[in-house]
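This note sets out, in numbered points, some remarks on helix packing and charged pairs. Please read it alongside the sequence and the model.

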Amino acid sequence: MEKRKNFSSKLGIVLASAGSAVGLGNVWRFPTEVGEGGGAAFILVYVLCVVLLGLPLMVSEFIIGRYTHKNTADAYRQLAPRSGWIAQGYLGVFTSWFILCYYSVVAGWTMKYLVEAIVGGLSEISDSSAYFAAFSGSTWEPLVYMTVVMLLCHLVIIRGVQSGIERSSKLMMPLLLLIIAMLVVFSFSMPGSSAGLTFLLKPDLSKLTSSVILSAMGQAFFSLSIAMGCLCTYASYFTDDARLVKTAGSVAAIDTTVAIMSGFIMFPAVFSVEAVTPDAGPGLVFITLPHVFSIAFGNVPLLGWFFSVMFYLLLLLAALTSMVSIHEPPTAFLLEHFKLSRPVATTIVTVVCLCVGVLCCLSFGPLADCRPLFGLTFFDFFDFVSAKIFLPLGGIIISLFVGWRLDRDIVVSQLTNNGSLHIPAWFIAAFIFLLRWLIPLAVGGIFIRELGLI
Ligand code: PHE
C-alpha cells in the first residue's frame, strides 16, 4: 500500500475541493432548476440553503476527514468504534460509487458535444431535440464516450493525490474560470439578452412553493458535493495548517458564483432566441444551447464555433474534476481498508462503474423500457436513490454525528487548528446549533415530505 500523501498547498486544497463542487450540477443542473423554479426567487432560496445548511455540513465533513486522515469508512470507525455511525462511512463510499455510474454517462454526452462542436457538426443540426434523442438513445456511441471520460478520470486517480488530483485541478480549474468569464461576456453581447437578466435578477416571490424550496435544497447539497464521502475523503488529505472554515467558505463561494454565472451564460442567450423558453428542462444544455449556437453561427460563424467549443470544453472540465472526486472515496477505501495498491484499487472502481454504467447509459435507448426498480429506468433509479435518498439521509446523519456525538474538543481543535486560530465562541455555538437542530429538522422534514410520507 502506498504511503498516505497530503495535498501540497493551500491553493491545491481549495482548487481540488472546488473542482469537486463545480460540476455538471452547476452548469447543467442549476440553470435548469432556476428555469423551472422561476428564476431569482429560486436563487434566493438556494443561497440561503448553501449558507445555513450546506456550509456547516461541509465544515463537518472537513472535520471528520482532517482529524482522522483516513478514508470515509475507516474515519467513522475510528471516531465511533463499534457503533451504528460506522454505517455512514460505508454509505459515503457507496453513494459516490453509485453517483459515478450515472454521472459518467452525462459526462460522456458532454464529450460527444465537444467533439461535434470542434468538427463543426453542431452548426449543421436542424432539429437539436431529435438529434439529442437519437444520440442518447443509440447503443454504441454513448457507451464509447462514457468509457473514454471514465478512462480519463482513471488516469488522474491512478497518479495519486498530488500528481493526479491536485495537479489536474490546478490546471483545469483556472481554465474553467477563464472560460466561464468569457462566455458571460458573449452571452451578454447577444441582442435581447436583457430579458434573461431580468428573469435572473428580479425575484417573483409568488413562485416560492414548497417544491421549489425542496429542489433548492437538493440542488445545494448536490452542487456542494455534500454527504457523499467526497469532501470527507479530500479533507483527509488536508494539511494541518489548512483553515477549514475559510476553505469551506471559499469553495462554497466559488461554487455558487460558477452556478450563477452559468445562469448568466444560459438565460440571456436563451431569451435572445425566440421560441426557446427558460424552463426547457434538462435538455437546456444539450438541446436548447446547440440551437442558440447555431443561430449565432448564422451571423459570425467563426465566433459561434469558438464559443460553442469553449462552452462544451467548460462542461467537460467541470464534469471531469467532479468525477475525479467521486472516484477517490471508493478508491481510497479499497486501497486502505484492503491494503491494495493504488492501480489495483483504481481499476476495480473503474471497472465496476463501467459495468453498472452500461445499464445507465442504455437507459435512453435499448433499455428505455426496462424498469425493474420502482418503475424507473436504471439511470433515473441511480439518480433518484443517490440524490433524493442517500444524500439527504447522509446530510442528516453527518449533522447529528458532529452535533451530538463527536467530542466537542475535536470539533473546536479542528476549527481552530489546535488553538492557533481565533474563532469566536458565538460562531462555534451557532455552528453546533445548526448541526444539532436546524439541519436535521429542515432536511428531515423535507426528506419525509419528498418521500410522500406526510
Ligand atoms: N458537485 C458536483 C456537481 O455540481 C457533483 C458531485 C456530486 C461531485 C457528488 C461529487 C460528489 O456537479
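1. Helix α7 passes helix α14 in a right-handed crossing, meaning that the near helix is turned clockwise from the far one by less than a right angle. On the α7 side the contact (heavy atoms within 4.5 Å) involves V149, M150, L152, C153, V156 and I157, and on the α14 side L316, L320, M323, V324, H327, E328 and T331.

2. The model is predicted: local features need pLDDT of at least 70, side-chain atom pairs count only at pLDDT 80 or more, and totals for chains, interfaces and linings use all residues. Residues are numbered from 1 along each chain as its sequence is written, and side-chain values use heavy atoms, with hydrogens and water left out.

3. Seven salt bridges are found in the whole structure; the term denotes a side-chain nitrogen of Lys or Arg within 4 Å of a carboxyl oxygen of Asp or Glu. One of them pairs E336 with R4, with the closest N and O atoms 2.8 Å apart. E336 belongs to helix α14 and R4 to the segment before α1 (10–21), 332 residues apart. E336 is buried at 13% relative accessible area, whereas R4 is partly exposed at 26% (buried is under 20%, exposed over 50%, partly exposed in between, with a 1.4 Å probe and protein chains only).

4. K112 also forms a salt bridge with E141, the closest N and O atoms being 2.8 Å apart. K112 lies in helix α5 (residues 86–118) and E141 in helix α7, 29 residues apart. K112 is buried at 4%, while E141 is partly exposed at 33%. Through shared partners, salt bridges join K112, E116 and E141 into one network.

Methods: Helix = DSSP H or I, 4+ residues; strand = E, 2+ residues; numbered from the N terminus.
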